[in-house]
Amino acid sequence: GRITTVALPAGLPVACENAIPVAQFRLADAALEVISIPVQPVSAVGGQIRIGQRVNLYQVLSHQDSSNLPAAPIAERSAFQVEPVAGSVLVVDVRNAQGVSAEANARSEASATFGPSPQTEQVQILTLAVHPAAVQDILNAVASAQKQGGLLWTTLAIP
């Protein structure tokens, strides 16, 4: 009922810390899919998202032709459209751009003698546990952000 977290050479004993329950290795309930997405710190709560928090994902798209917008007060006109993609999604892992755990990096720097470094890398990869029905919407929003100039915005969900 356990899985290893490291490669096991033949014939050597397995250390307890290298054999964990499958559910712990998977990071989330078996009914949820686990998906990683790239984020930019500025659009992801300043890169300060932590494991265990819940986030909302929004897609920000520019209108194809904003010149056709009706004459209205500026507050009502917008060249952008904001659409919710997924709500109250559980964060199961956070990584920096190099794929190193941002949580471990934050803990080690916080315990340093002189406090955290001002050059700490922020979260740029979020790993989320989502209902299977939401995966396609999230992947479409990520693809749009990467290829079509849209933005993927992340907020902390209201508890």
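Me: A salt bridge is taken here as a side-chain nitrogen of Lys or Arg within 4 Å of a carboxyl oxygen of Asp or Glu. How many are there by this rule?

Reply: The count comes to one salt bridge. This is a predicted model, in which local features need pLDDT of at least 70 and side-chain atom pairs count only at pLDDT 80 or more, while totals for chains, interfaces and linings use all residues. Residues are numbered from 1 along each chain as its sequence is written, and side-chain values use heavy atoms, with hydrogens and water left out.

Me: What makes the contact of Asp93 and Arg95 a salt bridge?

Reply: The N to O distance between the side chains of Asp93 and Arg95 is 2.6 Å. The limit is 4 Å, so the pair qualifies. Side chains of opposite charge can pair when their charged atoms come close.

Me: Why is Asp93 called buried, and why is Arg95 called partly exposed?

Reply: Buried means under 20% relative accessible area, exposed means over 50%, and partly exposed lies in between (1.4 Å probe, protein chains only). Asp93 has 11% relative accessibility, so Asp93 counts as buried. Arg95 has 28%, so Arg95 counts as partly exposed.

Me: How do you know that Gln146 is exposed, and where is Gln146 placed?

Reply: Gln146 has 53% relative accessibility and therefore counts as exposed. Gln146 belongs to helix α3 (residues 132–147). Pro38 is 108 residues away from Gln146 in sequence, yet their C-alpha atoms are 9.3 Å apart in space.

Me: Why is Ile3 called partly exposed?

Reply: The relative accessible area of Ile3 is 30%, so Ile3 is classed as partly exposed. Ile3 sits in strand β1 (residues 2–4). Across the protein chain, buried residues make up 28% of the 159 residues.

Me: What makes a run of residues a helix or a strand, and how many of each are in the protein chain?

Reply: Helices (H or I, at least four residues) and strands (E, at least two) are DSSP runs, numbered from the N terminus. The protein chain has three helices and seven strands. Along the sequence the pattern is β-β-α-β-β-β-α-β-α-β.

Me: How do you know that β4 and β5 pair?

Reply: Two strands pair if DSSP finds at least two bridges between them. Strand β4 (residues 54–62) and strand β5 (residues 80–95) have eight bridges, in the antiparallel sense. Arg54 stands opposite Leu90 in β5, and the bridge partner of Ser62 is Phe80, also in β5.

Me: Which bridges join β5 to β6?

Reply: β5 and strand β6 (residues 125–130) share five bridges, again antiparallel. Asp93 stands opposite Thr127 in β6.

Me: Why are β3 and β7 called edge strands?

Reply: Five strands form an open sheet in the order β3-β6-β5-β4-β7, with antiparallel pairing. β3 (33–38) and β7 (151–156) each pair on one side only. From one strand to the next the twist averages 45 degrees.

Me: How does α3 lie on these strands?

Reply: α3 lies across β3, β4, β5, β6 and β7, and runs at about 10 degrees to β3. Axes are lines fitted to C-alpha atoms, for helices over the stretch in contact (heavy atoms within 4.5 Å), and angles run from 0 to 180 degrees between N-to-C directions. Among contacts in the protein chain between residues at least 6 apart in sequence, 71% join residues at least 24 apart.
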